[in-house]
Amino acid sequence: NLGGGKAVIFGDSKKDKNKNLFKSFGRFVDGLAGQYITAEDVGTSVKNMEWIRSETPYVTGLSHANGGSGNPSPVTALGTYSGIKATVKNKLGKDSLFGLKIGVQGVGNVGYHLCKYLNKEGAILYVTDVDQNSLKRVVNEFRAKIIDIESIYSSDIDIYAPCALGGTLNDFTIPKLKCSIIAGAANNQLKKDIHAQMLYEKDILYAPDYVINAGGLINVSNELEGYNRERAFNQAEGIYDTLMAIFKRSQEADIPTNIASDYLAEERIRMLGDLKSIYTSSV
């Protein structure tokens, strides 16, 4: 119900982070007087949110000790896993991921937890990452097979799960794809909107990124009502049903899934706007 917004601090997250930088950001957020609530995302941590919290109450993703939900990555992974289940049901008519070959690009915080879910259900994992330590961890724990960063696009896999940075679906990579499904946690997976049409024409089912990776945001938004872990996890699992509704609309209207999801989002925004105006006028 909160709508959407994004804040970006430019810099190398491994070198440029410091307390004063995040306190400065917190003061800026506080100046918006609650119109924007910030949270943990790529390149930031619970500790960074605590620094922001020293300057503004408009921040989520705090530690359990401070009444927050902690690291949102496990919930993002759960939502992504539920979304992958939806794509497999829709595209392949299967309820299980057992024996499916899944290429996970990026096995950091979210990717690692996603691999845990996929491995538990018997999927065959192929992984790639620039961080060798992250790769070793999933290889040791989940018997994953390492593949080259560039070769993941042309690999003989059923599902490509982008979980690193965005823009990996583009003019160069899409012609190489052999998978039948794209479902992963990365933001901004499409380089341009036209690339969703290219996937649609190749008969590759694409789970829109802002739908399938919503688990983390669902998790931190629960802090606003008083965090309840069971409620947050149940809502993240509901991504399955949301995607199934999007796939149905896509098929019925013969439109790419990203367009179908945009329509659904726009309808919801209008509905909430109408409810707000009714409430305001009645008050």
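**Figure 1. The salt bridge between Glu225 and Arg231.** The side chains of Glu225 and Arg231 meet at 3.7 Å, N to O, in this predicted model. A salt bridge here is a side-chain nitrogen of Lys or Arg within 4 Å of a carboxyl oxygen of Asp or Glu. Glu225 is exposed, with a relative accessible area of 63%. Arg231 counts as partly exposed at 26% relative accessibility. Buried means under 20% relative accessible area, exposed over 50%, and partly exposed in between (1.4 Å probe, protein chains only). Elsewhere, salt bridges that share partners join Lys23, Arg27 and Glu55 into one network. A search of the whole structure finds nine salt bridges.

Residues are numbered from 1 along each chain as its sequence is written. The model is predicted, so local features need pLDDT of at least 70, side-chain atom pairs count only at pLDDT 80 or more, totals for chains, interfaces and linings use all residues, and side-chain values use heavy atoms, with hydrogens and water left out.

**Figure 2. The salt bridge between Glu55 and Arg27.** The two side chains meet at 3.6 Å, N to O. Glu55 lies in the loop between helix H2 (46–53) and H3, and Arg27 lies in helix H1 (residues 19–31), so the pair ties together parts that are 28 residues apart in sequence. Helices (H or I, at least four residues) and strands (E, at least two) are DSSP runs, numbered from the N terminus. Glu55 is partly exposed at 24% relative accessibility. Arg27 is also partly exposed, with a relative accessible area of 46%.

**Figure 3. The salt bridge between Lys85 and Glu121.** The closest N and O atoms are 2.7 Å apart. Lys85 belongs to helix H3 and Glu121 to the loop between H4 and E2, so their pairing ties together parts that are 36 residues apart in sequence. Both Lys85 and Glu121 are buried.

**Figure 4. Ser82 and its contacts.** Ser82 is found in helix H3 (residues 73–92). Ser82 is buried, with a relative accessible area of 7%. Neighbours within four places in sequence aside, Ser82 is in contact (heavy atoms within 4.5 Å) with Ala236, Glu237 and Tyr240.

**Figure 5. Strand E2 with its partners E1 and E3.** Four of the five residues of E2 (residues 124–128) are buried, so the strand is largely enclosed by the rest of the structure. Strand E1 (residues 101–105) pairs with E2 in the parallel sense over five bridges. Two strands pair if DSSP finds at least two bridges between them. Strand E3 (residues 145–146) runs parallel to E2, joined by two bridges. Val127 in E2 stands opposite Val104. Val127 also stands opposite Ile146 in E3.

**Figure 6. The β-α-β units that include E2.** E1, helix H4 (residues 109–120) and E2 make a right-handed unit. E2, helix H5 (residues 132–142) and E3 make a right-handed unit as well. A crossover is right-handed if, with the strands pointing away from the viewer, the path from the first strand over the helix to the second runs clockwise.

**Figure 7. Met271 in helix H11.** Helix H11 spans residues 257–282. Met271 is partly exposed, with a relative accessible area of 41%. Met271 and Lys176 are 95 residues apart in sequence. Their C-alpha atoms are 41 Å apart in space.
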